[in-house]
Amino acid sequence: MSVVTIQRKVLEKNDEVASVNRRYFAERKMFVINMVSSPGSGKTSILECTLEHLKSGLNIAVIEGDVQTDLDAQRVAKFGVPVAQIVTNGGCHLEAKLVNDALSSLQLSGTQLLVIENVGNLVCPANYDLGEAMKVVVASTTEGDDKPLKYPGMFHKASVLLVNKIDLVPYVNCSPDRLKKNALQINPTLKIFETSCTTKQGIPEWCDWLKSEVVKQLRA
Amino acid sequence: MHELSVAESVVEIIQQYVPRTDLNRVRCVRMKIGEFGGVVTDSLTFCFQAITAQTDLSKASLEIEHIPFAVRCQECGQESRPEFGTVVCEHCGALRTTVISGNELQVVDINLDDSLAEAT
């Protein structure tokens with residue numbers, strides 16, 4: 001047997017394209033977030049609330065990732081912001097190359113905030129850097145408070161946790177405090193907001209913080 | 001189920017390092033996969049076999065070394081393997097720790113069957 005020594009990261013190619021994306025965003029002083037969660041946690045609803053709250057003060061664009069349909073892109077388009085839909089056709093996550101391709105189809109001049117909504121999945125998207133500044137993980141109270149224990153990888157890699165559907169706490173078996181404690185045990189630096197897209201609780205706080213991060217990027 | 005695209009990336013890496021005429025000599029592909037890497041090794045092995053069947057790589061197989069999740073404590077300086085789903089130092093209970101292993105997802109080396117070298 002002869003041996004070819006390699007020592008290479010398997011996802012190096014994705015990481016290389018992610019670096020290209022990151023340079024593209026930096027050159028344009030664009031702040032980019034990658035929203036991740038399990039299906040049905042409310043990513044698109046939070047995005048709608050965020051657009052409603054921030055679109056008058058910020059230039060925002062959106063990349064939607066879904067396994068099928070452009071239903072989410074249609075929801076976002078109603079806010080009059082540039083939006084591109086990536087349909088993965090069965091793929092369980094977005095890759096940097098898919099985002100790179102989508103960039104060319106978007107009108108991004110003057111965009112200050114780009115939101116990438118990943119495919120609903122708490123496992124696979126954790127491994128694929130898209131070139132974003134940070135991952136924002138959404139965990140809703142209806143999913144229970146043990147999600148960070150079951151899917152630690154995603155909570156470890158995220159910078160922000162939105163505990164969504166906080167208005168439903170009286171009706172579900174979920175302790176938001178336990179959820180937050182579980183998340184902080186795998187990622188002590190997580191920034192956490194409790195949100196509800198129905199009552200709008202926490203939406204102003206989340207949006208104000210997000211806007212301050214965008215402004216930091218503009219001044220960088 | 002991103003194991004299929006991981007398997008495709010492994011095949012691409014093999015193709016980059018091994019000349020096309022030698023692909024049929026590839027036997028064992030050694031990998032390191034961290035327990036925190038989010039890859040199900042049985043699925044990866046299955047996907048790798050599925051996409052290499054009836055190709056020049058049909059005799060290749062994956063040999064996977066599992067790397068445990070470990071942290072180094074920023075308070076007491078000691079290394080430990082925390083309970084899965086936490087980064088808490090097992091020695092002093094501190095939360096301020098640095099992950100030192102467990103995220104690996106890499107190809108280490110490729111072993112080629114030399115008995116076929118002369119024939120090609």
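**Close-up 1. Helix α1(A) passes helix α4(A) in a left-handed crossing, a term used where the near helix is turned anticlockwise from the far one by less than a right angle.** This is a predicted model, in which local features need pLDDT of at least 70 and side-chain atom pairs count only at pLDDT 80 or more, whereas totals for chains, interfaces and linings use all residues. Residues are numbered from 1 along each chain as its sequence is written, chains are lettered from A and ligands numbered from 1 in the order in which they are written, and side-chain values use heavy atoms, with hydrogens and water left out. The two helices, α1 (residues 12-27) and α4 (residues 96-103) of chain A, pack at an angle of about 35° with their axes 8 Å apart; axes are lines fitted to C-alpha atoms over the stretch in contact, and angles run from 0 to 180 degrees between N-to-C directions. Helices (H or I, at least four residues) and strands (E, at least two) are DSSP runs.

**Close-up 2. A:Arg28 lies over the face of A:Tyr24.** The distance from the ring centre is 3.6 Å, the rule being that CZ of Arg or NZ of Lys is within 6 Å of that centre and within 35 degrees of the ring normal.

**Close-up 3. A:Phe193, A:Trp206 and A:Trp209 form one aromatic cluster.** Rings of Phe, Tyr and Trp (its six-membered ring) pair if their centres lie within 6.5 Å, with planes under 30 degrees apart counted as stacked, over 60 as edge-to-face and the rest as tilted; by this rule there are six aromatic pairs over all chains. A:Phe193 and A:Trp209 make a tilted pair, 5.8 Å centre to centre with 55° between the planes. Because A:Phe193 lies in strand β8 (residues 191-194) and A:Trp209 in helix α8 (residues 203-219) of chain A, the pair ties together parts 16 residues apart in sequence. Both A:Phe193 and A:Trp209 are buried, that is, under 20% relative accessible area, where exposed means over 50% and partly exposed in between (1.4 Å probe, protein chains only).

**Close-up 4. B:Phe36 and B:Phe84 form an edge-to-face pair.** Their ring centres are 6.1 Å apart and their planes stand at 75°. B:Phe36 is buried at 5% relative accessibility, whereas B:Phe84, at 42%, is partly exposed.
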